[in-house]
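Please look over the structure below.

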Amino acid sequence: MANRTLIYSELDDNLREASAHTITLAEDGSVDLSQMPKRFQESWTRHGLSSDTNQLVFPKDGDAFLNTLLQRANAYFRIKEVE
Amino acid sequence: MKRESSIKDPAKEDRISGIQEAEYEDVDFGEVTLEETPEQAEYRRIRNAELIKATHDFDQKISDLLERRWMEGQSVSVDYAERLQDLSIVNEGEINSLEYINGGANGTRLLFLTTPNTKKGDTKTASMPVFEKSFGGEKTQIIDPATGDLLTLRNNWVTQPDGTKYRQTTYARSGDNEGPATLKREKIFFKSREMFEEAYQANFAKYYAYPPEQYPVDKTGFGLRHLEVGKTLKREYVCAAIDALFGLHTVPTTTLITDGEELYSRQKGILKTQVLSDPEAATGQLIGAVIHKEPHPAKQSLVRLAVLHDLVENTDGHLGNILLDKPDKKGYQELHGIDFGYSLPLHTQLKTGEIVSSDPIKSGAIQLVELDPDLRLDNEAMNTIKTVYEEVKDYLLFKSLDKVDSKIDDKTRQRLASLSDTVKSGETAKLLYELLAFAFEVEGKPEITRAITKKEFSLFMGRVEHILETGRPRMPKTDFYHGKFARIGELQEQILGEQKTPIQYNLADTGAPGDEIHFLDE
């Protein structure tokens with residue numbers, strides 16, 4: 001799918017969304033995290049994320065990384081896809 | 001890309017899935033949408049009302065039990081009065097404001113609820129944040145075992161002009177949906193998944209001893225795990241109830257509600273907290289404290305959460321589903337568990353006789369407790385678990401007294417005779433059994449539900465026994481069958497990073513390279 005966009009929101013103390021950061025799929029197939037807070041960029045490129053099939057996925061994996069992010073979305077980790 | 005290469009060689013696909021072209025030729029697959037009939041909708045409404053009634057009964061029983069424990073002077077981790085207050089707000093609170101947090105009309109909602117009896121215009125009353133999850137918002141992604149493709153299954157609610165809603169299930173491949181090659185792959189997928197699930201169902205039927213054709217399997221309803229989609233809300237509720245029953249106090253108050261059409265789970269929101277996968281959440285400090293056996297305020301709740309994950313066999317306990325409080329003024333922190341929807345998996349028996357869960361258990365908490373072999377559950381939680389265990393065991397023994405061939409010695413008979421009436425009535429044992437039956441229920445098949453619950457109940461009690469013996473959850477290398485505990489890769493990475501952290505030298509003493517930099521700065 002071309003041009004997938006995800007939005008991550010940080011929470012304030014009342015659990016309301018306080019900011020919005022976009023995550024997009026770059027042309028080379030990797031995930032562009034430049035809009036995300038620094039701590040996520042470093043952590044995800046260094047340690048990766050465990051996918052549902054328990055493999056580590058990294059931003060360079062593109063679609064797989066975005067899907068993992070969506071699967072892990074919950075009330076305290078707000079991430080959603082813009083359709 | 002992987003996907004492209006699998007299209008180029010259709011013959012290879014056929015070999016992998018083992019299906020001849022003729023077999024899937026008649027499946028007309030574009031985007032499949034299933035709609036429910038008016039009869040099904042009516043059945044669903046009645047059923048939702050029944051489920052809610054059952055949860056209210058459970059909540060009442062749990063509150064009574066917690067109150068009794070408190071009256072008897074046993075240690076209680078869960079404050080029953082606070083729990084009652086939470087429940088009344090979560091169940092009947094008035095909605096102050098709400099927002100959709102997961103997109104679309106079917107996603108999770110964040111509600112701010114006030115106490116039901118608040119006077120209007122009373123602006124000082126604080127409102128409680130509550131997350132409301134709906135079955136309708138449930139989206140499952142499925143991996144095709146034949147091609148490795150990702151498919152998305154989504155439940156939608158369509159509102160009719162008269163206000164009633166009906167359910168629609170859409171099933172589509174993620175990504176582009178065009179071209180004959182895609183269509184063919186999807187046909188293969190449908191066929192292969194059916195075979196895959198049939199094999200699993202046969203194993204379940206064999207272990208739980210019921211006729212395999214009796215299980216009303218909706219083969220389009222299985223996700224990555226061998227649980228039917230739509231059963232997760234009930235599991236979410238049961239796990240929170242088990243948490244309260246065993247006095248672990250790690251899951252926020254959770255209950256089920258309905259608006260007449262749809263089933264929702266409501267969970268109290270925890271303020272000032274972060275998921276463990278958030279780099280800002282100081283997960284590293286917690287890992288470090290466990291490795292180096294240093295004190296950390298969240299250690300006690302870590303073991304409690306690990307024990308809960310083991311008890312309910314959570315298959316989705318990754319770092320994003322564990323919350324760590326931001327330290328308060330006194331520096332106190334606790335861990336909380338959320339998202340227990342993928343818990344309580346079914347079991348199968350291997351040829352070697354070992355009983356294994358159908359999906360691997362995944363728990364960040366257990367993985368952390370594993371690092372320190374001396375880490376034990378605190379006494380308060382141990383005592384509560386022991387009380388529950390003994391009440392259940394004593395009731396079962398007491399029940400077997402009537403049997404003619406029961407081989408119980410006189411000493412035990414005397415002890416059993418002097419038990420309190422609440423234990424003799426089997427209050428705790430029945431509650432626990434009914435909770436498990438609620439989670440494992442197969443709709444319209446009470447015999448199968450009973451067959452599954454009976455076995456699951458004894459497995460559950462076995463896990464409780466293990467915790468009482470060792471004071472710890474089961475451990476990945478020793479207690480789980482190979483491959484039935486999935487270590488979380490990203491946590492493993494962080495643990496390695498923490499173990500390799502070099503000791504910090506005093507640069508002034510050692511003459512390390514740091515000195516030069518210091519000099520240059522000046």
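The notes below take the basis of the model, then two residues, then the interface.

## Basis

This is a predicted model; local features need pLDDT of at least 70, side-chain atom pairs count only at pLDDT 80 or more, and totals for chains, interfaces and linings use all residues. Residues are numbered from 1 along each chain as its sequence is written, while chains are lettered from A and ligands numbered from 1 in the order in which they are written.

Helices (H or I, at least four residues) and strands (E, at least two) are DSSP runs, numbered from the N terminus.

## Positive phi

Most residues other than glycine have a negative phi. L15(A) is not a glycine, yet has a positive phi of about 70 degrees. The loop between β1 (5-9) and β2 (21-25) of chain A holds L15(A). L15(A) has 22 other C-beta atoms within 10 Å, so it is buried (20 or more other C-beta atoms within 10 Å of its own, with C-beta atoms placed from the backbone; exposed means 12 or fewer, partly exposed in between).

A209(B), not a glycine either, has a positive phi of about 60 degrees. In chain B, A209(B) lies in the loop between α6 (180-208) and α7 (232-245). A209(B) is exposed, because 11 other C-beta atoms lie within 10 Å.

## Chain B against chain A

On chain B, 32 residues are in contact with 27 residues of chain A (C-beta atoms, placed from the backbone, within 7 Å). On the chain B side, β4 (128-134), β5 (139-143), β10 (273-275) and α16 (489-500) each give two or more residues. The largest share, four residues, comes from α16(B).

By class, this side of chain B has 14 nonpolar, 12 polar and six charged residues. Nonpolar covers Ala, Val, Leu, Ile, Met, Phe, Trp, Tyr, Cys and Pro; charged covers Asp, Glu, Lys and Arg; the others, Gly among them, are polar.

Terms used. Two residues are in contact if their C-beta atoms, placed from the backbone, lie within 7 Å.
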